[in-house]
Amino acid sequence: MATAVYPGSFDPVTLGHLDIIERTAKMMDHVIIGVLQNNSKTPLFSVEERVNMLRSVTSHLDNVEVMSFDGLLVDFVHQNHANVIVRGLRAITDFEYELQMAQTNRVIAGDIDTIFLTTNLKYSYLSSSIVKEIAGYGGDIDAFLHPMVAERTREKFRERMTAGKHQ
Ligand code: PNS
């Protein structure tokens, strides 16, 4: 059985991520979305919020499950009896970092392969960071996110503004 892990920060999940998840789900028997818990970046959403949003936007995909992980990605892949890591490649600028990760992972876990899917051209410019920047300035993020995720993102920034005013 081919089980793939699609890892990331997903802060928040974008339509670009969702496109990769849907395409991977068609190719693999089982897909585990691994949400990184302890990232050096300070996330906008807690890991529970990111996992819940991912569960909700992938609920139509029977062979996809969402879990959080901490520590090394290859350990998470082994623990879940998976053999493939999937990553999306948007542009050449992603390549160096992705190649470094894939090669390092292969040295520390020779039984795991990384496969890359080129992102849908429609989303080739898209990243969670850009979406957060736009949302932070009150811009329109509806073209980039599932409607529920877009609403949660707007709410987060509204909460932050309110909290900021009371400091
Ligand atoms: O969405 P991101 O932030 O680009 O995803 C990066 C991620 C989660 C795939 C990467 O940071 C990761 O695998 N972190 C876990 C720690 C680890 O295994 N590091 C060594 C990778 S070479």
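Which residues of H1 are buried? Keep that in mind while you set up the view.

**Before you start.** This is a predicted model, in which local features need pLDDT of at least 70 and side-chain atom pairs count only at pLDDT 80 or more, while totals for chains, interfaces and linings use all residues. Residues are numbered from 1 along each chain as its sequence is written, and side-chain values use heavy atoms, with hydrogens and water left out.

**Whole chain.** Show the cartoon first. You will find 6 helices and 5 strands, taken as DSSP runs (helices H or I, at least four residues; strands E, at least two) numbered from the N terminus. Following the sequence, the pattern reads β-α-β-α-β-α-β-α-β-α-α. The C-alpha trace spans about 50 × 30 × 30 Å along its principal axes. For 167 residues, a compact globule would have a radius of gyration near 15 Å, and the chain's 16 Å agrees with that; the radius is taken over C-alpha atoms, and the rule is 2.2 Å times the number of residues to the power 0.38.

**Helix H1.** Now select residues 15–27. The 13 residues of H1 should span 18 Å at 1.5 Å a residue, and its end C-alpha atoms are 19 Å apart, which agrees; the expected span is 1.5 Å times one less than the number of residues. Here is the reply to the opening question: Leu-15, Gly-16, His-17, Leu-18, Asp-19, Ile-20, Ile-21, Thr-24 and Ala-25 are buried, meaning under 20% relative accessible area with a 1.4 Å probe, protein chains only.

**Largest pocket.** Next, select Gly-8, Ser-9, Lys-41, Arg-87 and Tyr-97, the closest to the centre of the largest pocket among its 42 lining residues. A pocket is an open set of points on a 1 Å grid over the protein atoms alone, with protein on both sides within 12 Å along at least five of seven lines; lining residues have an atom within 4 Å of a point. About 1000 Å³ of space lies in this pocket. Colour H4 too: its 9 residues are the largest share of the lining. By class, the lining has 17 nonpolar, 17 polar and 8 charged residues, with Gly counted as polar.

**Second largest pocket.** Finally, select Ala-135, Gly-136, Gly-138, Gly-139, Arg-154, Phe-157, Arg-158, Arg-160 and Met-161, which line the second largest pocket. About 200 Å³ of space lies there. H6 (147–165) gives the largest share of this lining, 5 residues.

Key. Buried < 20%, exposed > 50% of the residue type's maximum accessible area, 1.4 Å probe, protein only. 1 Å grid on protein atoms, 1.4 Å probe; cavity = no way out; pocket = protein on both sides within 12 Å on 5 of 7 lines; lining within 4 Å. Points joined across faces, edges and corners; volume = space filled by probe spheres on them.
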